[in-house]
Amino acid sequence: MSDPTAPAAGDAPDSLEAFAAAVAAATAGRATRVAALAGELAFDVEPDAIVAVCRTLRDDERLGFAVLVDVSGIDYLSYGCDEWNTHRATGTGFSRGVTGRYSDESPGTPAEPAPPARRFAVSYQLLSIRHNRRLRLRTYCAPGEPPMADSVVEVWPGANWFEREAFDLFGILFRGHPDLRRLLTDYGFIGHPFRKDFPLIGHVEVRYDPEQRRVVYEPVSIEARVLVPRVIRDDNRYQAALTGAPAAPAAGKPNG
């Protein structure tokens, strides 16, 4: 006799932990749970298993992740590093910017960390409307250029443009994609602007040339620098009305 308290086929576990266990069981150990914010689920999947795992997550009635919300690339080149010195406060607020660790001006300096063994990854945001659950998958691309991952267009056709965007901005190639072309950048664009080593100022600038009567591309003319926000405001503590000191004379008017 079957256990009357056991969940029927297609019933999703109620608690988050039970649902995570159901995901692990359905994927037969091919998805490894990783740390996530409270109330969220996140799993890592090996690159050669991503399509099979995604198909299981979609087709298993206990899970039912029929909706692919988003696919995005990730570049971990400077993960854990920053260009801000925030260990101690300063009186002026202008000394927090430091030299970029991956700047072209000082390559190979001792402060520059070694590049990560697995630099690029692909993140998938899934939604199960049936069970009101969300899930995040991540798979790392194998080291080397260009980074590559298997396309999930055959599982969720909506991944088509998401993967084209990740290819355009990160340079990640998706094997099996039916039409992998750039999506957001201009024709003839060189490079992938969301990579951490792509300069914020870019490589070229665009302007309209009235003599040639067309848009022209030229080498960028601005100088690269560490972006340090500078907020300069009047200090009301030193206003004459507050200190009792005589007000400063207006420009061009003598005292007395």
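## Basis of the model

Residues are numbered from 1 along each chain as its sequence is written, and side-chain values use heavy atoms, with hydrogens and water left out. In this predicted model, local features need pLDDT of at least 70 and side-chain atom pairs count only at pLDDT 80 or more, while totals for chains, interfaces and linings use all residues.

Strands β8 (residues 204-209) and β9 (residues 214-219) run antiparallel and are joined by 6 bridges. Strands are DSSP runs of E with at least two residues, helices are runs of H or I with at least four, and both are numbered from the N terminus; two strands pair if DSSP finds at least two bridges between them. R207 has V216 in β9 as its bridge partner. The two strands form a hairpin with 4 residues between them, and R213 in the turn has a positive phi of about 60°.

## Backbone features in loops

Most residues other than glycine have a negative phi, and most peptide bonds are trans. A28, in the loop between α1 (16-26) and β1 (31-33), has a positive phi of about 55° although it is not a glycine. A28 counts as exposed (over 50% relative accessible area, with a 1.4 Å probe and protein chains only; buried is under 20%, partly exposed in between), because its relative accessibility is 61%.

N132 lies in the loop between β4 (120-128) and β5 and has a positive phi of about 55°. N132 is exposed, with a relative accessible area of 67%. A cis peptide bond, with omega of about -5°, joins E145 and P146; P146 is in the loop between β5 (133-140) and β6 (148-150).
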